[in-house]
Amino acid sequence: MILIITIIYVDDHIPILASNMSFLTIFSPVIDIMWYIKNNIIENTTGKPKPPFLIIAPIITTCVLLIFGEITPKTIAAWNNEKIALYNIQVGRIHLKNNEFDLARRMFEKSMELETSLYVGYYFLGNSFAQESNIIYDNSVELDEDLNDSLEKNEQSQKMKLEAENLLSKAITMWAYFIEYMPEYSWMILPTLKDALQALHRYDDIERFLIQANENHKKNNVDILSHLADFYANKGEIDKALKTINSVLDGNKDSLLARLKKMKINLLKNKENSLSVEVDKLIISLQRDKRFIMYKQSYSDKNMRWLFETNNIN
């Protein structure tokens, strides 16, 4: 029972403990085995504790496997890299929450050095650049309001805005990598990516990013193609928009988002602009609805589940 309590305590407090890298280096094998036992033996898929009699036998089995070499040092090393990389992500998220951007990025980069397939690091790197960009831009706006015809302050404000734009460009690059490697999770960042590209007047890049992201997916992605159809519609390329949204509905006829997008496009085609605006508002409300978000937030990847469900940091 003490072992079980210790395992659960260490797992719950690992983002704080992980900030001490020497701690991780020395105790990572122990932590990792404890983490493995907790997540694969003590808890079931619903996260609810198993009855004691279902815990003891698997723990004994795990210990026997360790003793007789069925779980090898190589296996433990693989666990170490993956889990320490995840803990680094968590530490980075804490730094990001505190606006400690350089420290956050250092942890995200370390996580991807340890585990090269942990592509969610690009998502968090992008967020760090975007968050810093927003703060710098807001500060420049405050400076504009307090210029008092000061040339020096005006120059400082313009310099800050350029810095904010450069940071936002870096965010876009990171988010593009994330969508490239994990297109099934494009819904997490596509609206923000589109807004960022529009803020930098990079309208043509929107189409390129969306087409490339869809090509990287094994099948037509509803979210990506719906955004692409919307992009064409807003550009006035109605026929192209209809062709794109119809390709979505061919394989996903019950997609509410795609059907609403098609309704909007048809209204634009019939010059019913005011109604299309109302449908657009309905789409935005749907995407912000908590139940819709919960439906969308299904993580098939075990590391994504660990980061965003089991150990999410808001």
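Me: Which residue follows α8, and is its phi positive or negative?

Reply: α8 is followed by H201, and the phi of H201 is positive, near 60 degrees. Helices here are DSSP runs of H or I with at least four residues, strands are runs of E with at least two, and both are numbered from the N terminus. Keep in mind that this is a predicted model, where local features need pLDDT of at least 70, side-chain atom pairs count only at pLDDT 80 or more, and totals for chains, interfaces and linings use all residues. Residues are numbered from 1 along each chain as its sequence is written, and side-chain values use heavy atoms, leaving out hydrogens and water.

Me: How many helices and strands does the protein chain have?

Reply: You'll find 15 helices and 0 strands in the protein chain. Of its 314 residues, 45% count as buried (under 20% relative accessible area; exposed is over 50%, partly exposed in between, with a 1.4 Å probe and protein chains only).

Me: Back to α8: which of its residues are buried, and where do they sit around the axis?

Reply: The general idea first: an α-helix has 3.6 residues a turn, so residues three or four places apart point the same way. In α8 (residues 190-199), the buried ones are L190, L193, K194, A196 and L197. They span an arc of only 160 degrees around the axis, so they lie on the same side of α8 (the arc is taken from the directions from helix axis to C-beta atoms).

Me: Which residues have the most contacts inside the largest nonpolar core?

Reply: A nonpolar core is a set of buried Ala, Val, Leu, Ile, Met, Phe, Trp, Tyr and Cys residues joined through side-chain atoms within 4.5 Å. The largest one has 66 residues, and V120, F178, M188, M304 and F308 have the most contacts inside it. Helix α7 (residues 151-181) gives the largest share, 11 residues. A second, separate core of 6 residues includes L260, L267, V279 and L286.

Me: And S276: is it buried or exposed, and what is it in contact with?

Reply: S276 lies in helix α13 (residues 273-288) and counts as buried because its relative accessibility is 4%. Contact means heavy atoms within 4.5 Å. Leaving aside neighbours within four places in sequence, S276 is in contact with K264, L267 and L268. S276 and I265 are 11 residues apart in sequence and 7.4 Å apart in space, C-alpha to C-alpha.
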